[in-house]
Amino acid sequence: MPTGHIMMAMTLDGFVARKDHTLDWLDKQDTAGEDHGFTEFMDSIDVIVMGSGSYKTVLGFGEWPYTKPVVVLSRSLVQADIPDHLQDKVEIMSLEPVDLMNVLGDRGIKRVYVDGGAIIQSFLRNGLIADMKVDIVPILIGKGIRLFGELHKDVDLALVSVSDFKSGLIQMQYRIRQ
Ligand SMILES: NC(=O)c1ccc[n+]([C@@H]2O[C@H](COP(=O)([O-])OP(=O)(O)OC[C@H]3O[C@@H](n4cnc5c(N)ncnc54)[C@H](OP(=O)(O)O)[C@@H]3O)[C@@H](O)[C@H]2O)c1
């Protein structure tokens, strides 16, 4: 089965987006000249799996930012909802996380970038995440969409590295102890 990998930016109080999915708090950070290892991370993965919430946000950017194939997990969207110019880049699937990983494994996929909020939580609950990079953004926004949520059991983490950047962002890399 492929392994799942997370790279997310989170406010110090634990949110990945405002309730209305806006990312203005992230956009206003002065991170000029800082890559935070994102290019290297993207190069290392075979496919991006995201939830429909994140897909709709990215669609709103106007320009599609990904060169890697994207799978959107959704029980409400169908392939016909994807705009024509993205039909060869985005695939809608409606599968439970374990079943999806098995399908991707059958396709020869080894490393999956798991992106979103609810989607990350369900992959963590299913033990499908191998490691994660969490960028702590120096801001408190009080409410929003959380990165982490309820679990059936504890998830033990091993700290791999901590880096800090001029912008004030701190990146923590953890391996999940299985
Ligand atoms: N800060 C960052 O670095 C960063 C990175 C990426 C995204 N974001 C933002 O974070 C927010 C996350 O929002 P979100 O939690 O709503 O987004 P999400 O995880 O991307 O999408 C959740 C949606 O996916 C669908 N879904 C399908 N199968 C699922 C499953 N097994 N488990 C859970 N959901 C499943 C459901 O919608 P339907 O079935 O109804 O379609 C669900 O509402 C977005 O605004 C996104 O733009 C932030």
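Reader: Which element gives the largest share of the shell around the ligand?
Author: In this predicted model, that element is H3, which contributes 4 residues to the shell.

Reader: And which residues come nearest to the ligand?
Author: There are 25 residues around the ligand, and those that come nearest are Gly51, Gly53, Thr57, Gly116 and Gly117. The elements giving two or more residues to this shell are strand E1 (3-11), strand E2 (15-17), strand E3 (47-51), helix H3 (52-60) and helix H5 (118-125).

Reader: How do the residues of that shell divide into nonpolar, polar and charged?
Author: The shell around the ligand has 12 nonpolar residues, 11 polar ones and 2 charged ones.

Reader: Let us step back. How many helices and strands does the protein have?
Author: Its secondary structure comes to 5 helices and 10 strands. The radius of gyration is 16 Å, close to the 16 Å that the globule rule gives for 178 residues, so the protein is as compact as a globular protein of that length. Along the principal axes, its C-alpha atoms fill a box of roughly 40 × 40 × 30 Å.

Reader: What share of the residues counts as buried?
Author: Of the 178 residues, 24% count as buried.

Reader: Which residues have the most contacts inside the largest nonpolar core?
Author: They are Val49 and Val114, in a core of 29 residues. Two or more residues of this core come from each of several elements, among them E1, E3, helix H4 (97-106), strand E6 (111-115) and strand E7 (129-137). In soluble globular proteins, nonpolar side chains tend to be buried together.

Reader: What does Val114 touch, leaving out residues up to four places away in sequence?
Author: Val114 touches Gly4, His5, Ile6, Val49, Ile119, Ile120, Phe123 and Ile129.

Reader: A new topic: which residue has a positive phi of about 75 degrees although it is not a glycine?
Author: That is His21, in the loop between E2 and helix H1 (24-27). Most residues other than glycine have a negative phi. Another positive value occurs at His36, where phi is near 60 degrees. His36 is found in the loop between H1 and helix H2 (38-44).

Reader: Why does His21 count as partly exposed rather than buried?
Author: His21 has 15 other C-beta atoms within 10 Å, whereas a buried residue needs 20 or more and an exposed one has 12 or fewer. His36 also counts as partly exposed, because it has 17 C-beta neighbours inside 10 Å.

Technical notes
Residues are numbered from 1 along each chain as its sequence is written. This is a predicted model: local features need pLDDT of at least 70, side-chain atom pairs count only at pLDDT 80 or more; totals for chains, interfaces and linings use all residues. A residue is near a molecule or strand if its C-beta atom, placed from the backbone, lies within 6 Å of it. Ala, Val, Leu, Ile, Met, Phe, Trp, Tyr, Cys and Pro count as nonpolar, Asp, Glu, Lys and Arg as charged, and the others, Gly among them, as polar. The radius of gyration is taken over C-alpha atoms; the globule rule is 2.2 Å times the number of residues to the power 0.38. A nonpolar core is a set of buried Ala, Val, Leu, Ile, Met, Phe, Trp, Tyr and Cys residues joined through C-beta atoms within 7 Å. Two residues are in contact if their C-beta atoms, placed from the backbone, lie within 7 Å.
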